[in-house]
Amino acid sequence: MGIRNGTQFDTLEPTLTVTTEPAEPADGDTVTATAVLTNDCPFPLRNAVLHLIDPGATTATKTIPLGDLRRGARTTRRWETAMPAGVAGNVSFTAHVVFDVDGHSSDCARSAKTFTVPYEPNEVRDPYRTFATTDDAEFGQYGSQLVIWAGGRDFSGGTDEKGGILLPGSAAESSVVQGKTVSLTGSDNPTAKYGIAVANDLTAPEKGGYAVLTMSKSFGLEFMTDSDGDGRLDTWAGGGGSTHPAWLRLVRDGTTFTAFSSTNNGLSWSEIASVDVPSASGVLDAGVVASAVNLNYPGTTVQAVFDHFSVETR
């Protein structure tokens, strides 16, 4: 409910819907998507523009000027597209309308037809490599998303059981490692965790330089490092509540690692801690890791989904 020009209205936003034919498209299907816009606002929409966005796209696939839409006006637009091959997770056909009201800046409305496509292990492509210290680890890559399925009893102290996907020799002495932790499913264990990691050799943390920043399923952030180069994570900082999705960042300056997190897509970052890891040397491996931490939940595995993992030299 809102007020415009001194009058109270039940709605200040038009109705926008998206449907598809077929109603449940499969991988690679040709799809006809239909957007229906109804101006059920008590005022006209001026200079309306409809943006139609295909799955996986970040900008409009088609932009259609609609002009002015009087009260009660209804318009339908269709576009033919396709379900992308080799995608998983939430896949959406989206319509987004932008318009002016009373000569003021644009308002908007958005609608999407969304499908959930299951992730399946499909291995990863160059330059990524995989590693595991638990026998049940599997891996996948879907566009910019990386997926790990893993069990593992614990992920700190004397036990370090996990699955990981790495970029060998990617983190220079002055670098930023970051990625988005999208979702962690498959276990009710609140201490299951996934995140980003660096080491002189991630396949052999006992070679030094080991630091990990994770988001747990329910108990918040954990920034863990190896203080003496024996391959065991023995320092800790973090806590708070868990957020899925979230962005995690490790900034390396020589042997100093500073951990950050963001819950607003990297618009702002909160520092967790800054720690010296004396054994870090030269160019490090960097990657994403996950563990079910299932010591008290025997046999469980997690599905950890990451997006936009990157390593950049500062």
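Is N265 buried or exposed? N265 is exposed, with a relative accessible area of 56%, where exposed means over 50%, buried under 20% and partly exposed in between (1.4 Å probe, protein chains only).

The views show a predicted model, in which local features need pLDDT of at least 70, side-chain atom pairs count only at pLDDT 80 or more, and totals for chains, interfaces and linings use all residues. Residues are numbered from 1 along each chain as its sequence is written, and side-chain values use heavy atoms, with hydrogens and water left out.

View 1. Although N265 is not a glycine, its phi is positive at about 60 degrees, and the residue is found in the loop between β22 (256–262) and β23 (270–276); strands (E, at least two residues) are DSSP runs numbered from the N terminus. N47, also other than glycine, has a positive phi near 55 degrees, but N47 is placed in strand β5 (residues 45–53) and counts as partly exposed at 49% relative accessibility.

View 2. E21 and P22 are joined by a cis peptide bond with omega of about 5 degrees, and P22 belongs to the loop between β3 (15–21) and β4 (30–38). The peptide bond from H244 to P245 is likewise cis, with omega near 5 degrees, and P245 lies in the loop between β20 (235–239) and β21 (246–253).

View 3. Not counting residues up to four places away in sequence, K193 touches several residues, including F155, E222 and V293 (contact means heavy atoms within 4.5 Å).

**View 4. Confidence along the chain and at residues 1–11.** The protein chain averages a pLDDT of 91, and 95% of the residues score at least 70, pLDDT being the predictor's confidence in each residue, from 0 to 100. Over residues 1–11 the pLDDT is below 50, and this stretch has 20 contacts in the model beyond near neighbours in sequence. Where pLDDT is low, the predicted coordinates should not be read in detail.

Note on methods: Helix = DSSP H or I, 4+ residues; strand = E, 2+ residues; numbered from the N terminus.
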